Amino acid sequence: MGHEACRMMVPLGAGDSVREQPGVGRMKRILFISCSPRGRAAESHRLAQKIIGHLMEQEPDAAVMERMIGWGTIGHVDENYAIAQASSSDPSQSGSISVSEELIQELEGTDILVIGTPMHNFTVPSVLKAWIDHVVRVRRTFNVTPGGKVGLLRDRPVFVAISSGGRFSGERARQPDFLTPYLTAVLGVIGLRDPAFFSVQGTGSGPEAIAAARARADQALREHFSLVCP
């Protein structure tokens, strides 16, 4: 897969690359999945960077791995992946199953997950669904038991930054929300049980509405992180 879509960077140095030095203790790692086709110009990307900024205040030595998938850099699962899902034997490592393994190992090696995503047609965009299909894999990140599906990944903090042209929560909501319940359920399958959601809603209503939505999101972040780390 395109490794150029994933890079190590420090948010406080906006775009500066960083490498872990041999012999230095392991830095806490934050994995940032950016899902908008607008890239770094997206409201969801901006909000995610705000979340990462708060996290960096708590962990100033943390390393951030940013994976940009909004331009379709992750393909959909293929036949080899489907065969692996249906078989208990070791899967072939060709095709998209190798991409799946890379993305799972990337997730396993991180301590905090941040997802920045737009809401498309009331739910997640197809690029985020593709990432999910790769990392939610039977006998690898979850098992099926008589009592249901059991996650195999250790739990860790998950933050989701959402942008939406309409409003999907609160008194002025005018559209359904299938994004937050879906992400809560599907991430819970693999063991990530308590995602925190923040949003900038109503971005299709003009600059004043965007400014007000940004202010509400910023306030929600301040309140959340003041409770987590007074």
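Phe 225 sits in helix 6 (helices are DSSP runs of H or I with at least four residues, strands are runs of E with at least two, both numbered from the N terminus). Phe 225 has a relative accessible area of 5%, so it is buried (under 20% relative accessible area; over 50% is exposed, in between is partly exposed, with a 1.4 Å probe and protein chains only).

The model is predicted: local features need pLDDT of at least 70 and side-chain atom pairs pLDDT 80 or more, while totals for chains, interfaces and linings use all residues. Residues are numbered from 1 along each chain as its sequence is written, and side-chain values use heavy atoms, without hydrogens and water.

Turn to helix 1, residues 43–58. Its 16 residues reach 23 Å from first C-alpha to last, close to the expected 22 Å (1.5 Å times one less than the number of residues). Buried residues in helix 1 include Leu 47, Ala 48, Ile 51, Ile 52 and Leu 55. Their cover includes strands 2, 3, 4, 7 and 8, and helix 6.

Strand 4 holds Thr 117. Thr 117 is buried, at 0% relative accessibility. Beyond its neighbours within four places in sequence, Thr 117 is in contact (heavy atoms within 4.5 Å) with residues including Ser 44, Leu 128, Val 160 and Leu 179.

Now the helix pairs. Two packed helices are described by the angle and the distance between their axes. Axes are lines fitted to C-alpha atoms, for helices over the stretch in contact, and angles run from 0 to 180 degrees between N-to-C directions.

Helix 3 (residues 96–108) packs on helix 4 at about 90°, with the axes 8 Å apart. The two are therefore roughly perpendicular (65 to 115 degrees; under 35 is roughly parallel, over 145 roughly antiparallel, the rest oblique). From helix 3, Ser 96, Val 99, Ser 100, Leu 103, Ile 104 and Leu 107 meet Trp 131, His 134 and Val 135 of helix 4.

Helix 4 (residues 126–135) also meets helix 5 (residues 179–189): their axes come within 11 Å and cross at roughly 15°. That makes the pair roughly parallel. Leu 128, Lys 129 and Ile 132 of helix 4 touch Tyr 182, Leu 183 and Val 186 of helix 5. Five of these residues are nonpolar, none polar and one charged (Ala, Val, Leu, Ile, Met, Phe, Trp, Tyr, Cys and Pro count as nonpolar, Asp, Glu, Lys and Arg as charged, the others, Gly among them, as polar).
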